[in-house]
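Open the model in your viewer and keep the sequence panel beside it. This tour moves from one selection to the next.

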Amino acid sequence: MERVRARAPLGVSGSAEPVKLRTRKSKLYSKKPAGWRERGVFGVSVTVFSVIFRLVNCFLVQTSFVPDEYWQSLEVSHRMVFKYPLSCWLTAGLYGYETWEWKEGIRGYSYPLLFALLYKILDLLHYDTVQLLILLPRVLQALLAAFADAKLYDLVRRWESPDVAKWTYFCQLCSWFTWYCCTRTLSNSMETTLTVLALCYYPLHGTKTQNSSWKYLSLVSLAVVVRPTALIVWLPLLLHHLWREENKLKLITRQGLPVAALTLLCSTLIDCVSYGKWIFVQWNFLKFNVVHNVAEFYGTHPWHWYFTQGFVVVVGPHLPFFLHGCALASKRHRVLLMSIVWTLLVYSFLAHKEFRFIYPVLPFCMIFCGLSLVKLRTWRKPAAGALVALNLIPALYTGLVHQRGVLDIMGHLQHLCDTTDPQSSPSPEVLFLMPCHSTPLYSHLHCPIKLRFLECPPNLTGREDYVEEAAVFYADPLQWLRMAFPYKSTLPSHVVLFDPLEKDISAFLDGNRYVKQAEIFHTHLPEGRVGKKILIYGQ
């Protein structure tokens, strides 16, 4: 072959140019082996597989996690788009119910606006069926989560190697808590998605990541707008970038401040228009949750809870691989580890703690798990099999079984919207005698029937004798019912309750001729006022 290259072309005398052979495009002639990215997963690209996987994930999560996935997103979005002339009891107001957070202005409208736009499109197309209103926001969240999964794979592939990227991606898809949370309409889910996308453009020292500071700063700013506590996760990473940057003043004045100011300005304008007055939500959020510590009203945990329970549950079966990966990690990974530890420490100082608060650091943990699995070699396949099996059980149980009753009950109540002649029969009125915000409301019914539930706003008045409505009811249920409904004409047509309460108010139900119409499974693990089953009584 070398002699052919050195030979002069025929018909050209005296030419010393070598013959240029045609490059073979076939992969059979390539010296570089095809990577996992080119082969994909089961014959499809990583992005396509991620979309398929998360859509399946979306349809296999049919349970409720926390009230915020409805009351801080879908209920607000529904109220923004659909204007019902309601005369609902007590606090439902003119167009639906809004929780105390929205009345006090500590929540921003930027995240609910995303679903409100989706609802508006359905409304304009006359496809605003209750099934689509429930499903499409979760499908949108699933697609965003799939995009973040694919970008996480690309990120680790640039930072490390295709092998580490493959196993990090595997760990991300295996994670039971990611499966449980990522397709829900929680601000924490969007915060986590934006955190992963921002990390893709973060200039980690010692990696091939291009310096796209304005891109990652824009995504971080969006995450902070969606949930201000996102700044906790990013503070170590931002300070590390500033410390490594040669021209610190330029980074702050030409990129950091303009991006943050523009994002905050857009967010503030959205909030001012939505609230109908000048308001700065981020300050209100900080004032109520940090200065006044209002969140403590909804429960407290000991300072070590995240280290002894919260983080252990969220990471789940990945924990030994995460610890092994931390021991193997190089110097450049320390900033990620620092962000994880810092986040756990800061949240530990807050009295009110929840699993979902630390969800945004879970993708960071998966990178360390990927490093661990690559090094195992001999035990890699058994370890991968164990991860799948140990995560599959809690993923399917929590997604299909645990706490599903509060959603199933709304499906049973939807037939109340089918009143054909409201003049001949009285309009249905439903009373939820359950812990406050146990179920979603109009976003899962989509019709103007009267609904009432027990309220539990925190003590915002400073009164020492303050007791919220739910606590007053549970202290003496029959007395509360007698006071709330002094006449038979004011009684609701349907009562929804957890089964432990049935015995306590049986006199009220029997005396007013209520009949049990449905009994729906909720959970195998009842706790406090929450029972195994939900009951519907009707007159």
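Is Asp408 buried, partly exposed or exposed? Select Asp408: with a relative accessible area of 23%, Asp408 is partly exposed. The cut-offs are under 20% relative accessible area for buried and over 50% for exposed, with partly exposed in between (1.4 Å probe, protein chains only).

Before going further, note that this is a predicted model, where local features need pLDDT of at least 70, side-chain atom pairs count only at pLDDT 80 or more, and totals for chains, interfaces and linings use all residues. Residues are numbered from 1 along each chain as its sequence is written, and side-chain values use heavy atoms, leaving out hydrogens and water.

**Stop 1**

A salt bridge here is a side-chain nitrogen of Lys or Arg within 4 Å of a carboxyl oxygen of Asp or Glu. By this rule the count comes to 18 salt bridges.

Now step to Gln403. Gln403 sits in the loop between helix H19 (380-400) and helix H20 (405-413). Helices (H or I, at least four residues) and strands (E, at least two) are DSSP runs, numbered from the N terminus. Check the backbone: Gln403 is not a glycine, yet has a positive phi of about 65°. At 23% relative accessibility, Gln403 is partly exposed.

**Stop 2**

Select residues 110-124, helix H6. Show the side chains of Lys120 and Asp123. They meet in a salt bridge at 3.8 Å, N to O. Why are they about one helical turn apart? Because Asp123 and Lys120 are three residues apart in H6. Asp123 is partly exposed at 22% relative accessible area. Lys120 is also partly exposed, at 36%.

Draw a distance from Phe115 to Leu140. Their C-alpha atoms are separated by 8.8 Å, and the two residues are 25 apart along the chain.

Then move to His126, in the loop between H6 and helix H7 (130-159). His126 is another stop for the backbone: a positive phi of about 60° in a residue that is not a glycine. At 70% relative accessibility, His126 counts as exposed.

**Stop 3: Phe59 and Arg138**

Go to helix H3 (residues 46-59) and pick Phe59. At 46% relative accessibility, Phe59 is partly exposed. Phe59 and Arg138 are 79 residues apart in sequence and 9.0 Å apart in space, C-alpha to C-alpha.

**Stop 4**

Select Asp68, Glu101, Arg107, Glu354 and Arg356 together. A network of salt bridges links these residues.

Next, show Arg463 and Asp465. Their side chains meet in a salt bridge at 3.2 Å, N to O. Asp465 counts as exposed at 54% relative accessibility, and Arg463 as partly exposed at 46%.

**Stop 5: two packed helices**

Two packed helices are described by the angle between their axes and the distance between the axes. Display helix H8 (residues 162-174) with helix H18 (residues 362-376): they pack at an angle of about 125°, with their axes 7 Å apart. Axes are lines fitted to C-alpha atoms, for helices over the stretch in contact, and angles run from 0 to 180 degrees between N-to-C directions. H8 and H18 are therefore oblique to each other. Under 35 degrees counts as roughly parallel, over 145 as roughly antiparallel, 65 to 115 as roughly perpendicular and the rest as oblique.

Which hand does the crossing have? H8 passes H18 in a right-handed crossing. Right-handed means that the near helix is turned clockwise from the far one by less than a right angle, and left-handed anticlockwise.

**Stop 6: a nonpolar patch**

Switch to a surface view. Select Leu264, Phe280, Trp283, Leu286, Val290 and Val291, which make a nonpolar surface patch of about 540 Å². Patches are made of residues with over 30% relative accessible area and no salt bridge; nonpolar side chains (Val, Leu, Ile, Met, Phe, Trp, Tyr) are joined within 5 Å, like charges within 9 Å. Accessible areas come from the Shrake-Rupley method with a 1.4 Å probe, and for residues only the protein chains shown count as cover.

Helix H14 (residues 281-291) gives the largest share of the patch, four residues. Leu264 lies in helix H13 (residues 248-275). At 32% relative accessibility, Leu264 is partly exposed.

**Last stop: Val530**

Finish at Val530, in the loop between strand E4 (515-521) and strand E5 (533-538). Val530 is partly exposed, at 24% relative accessibility.
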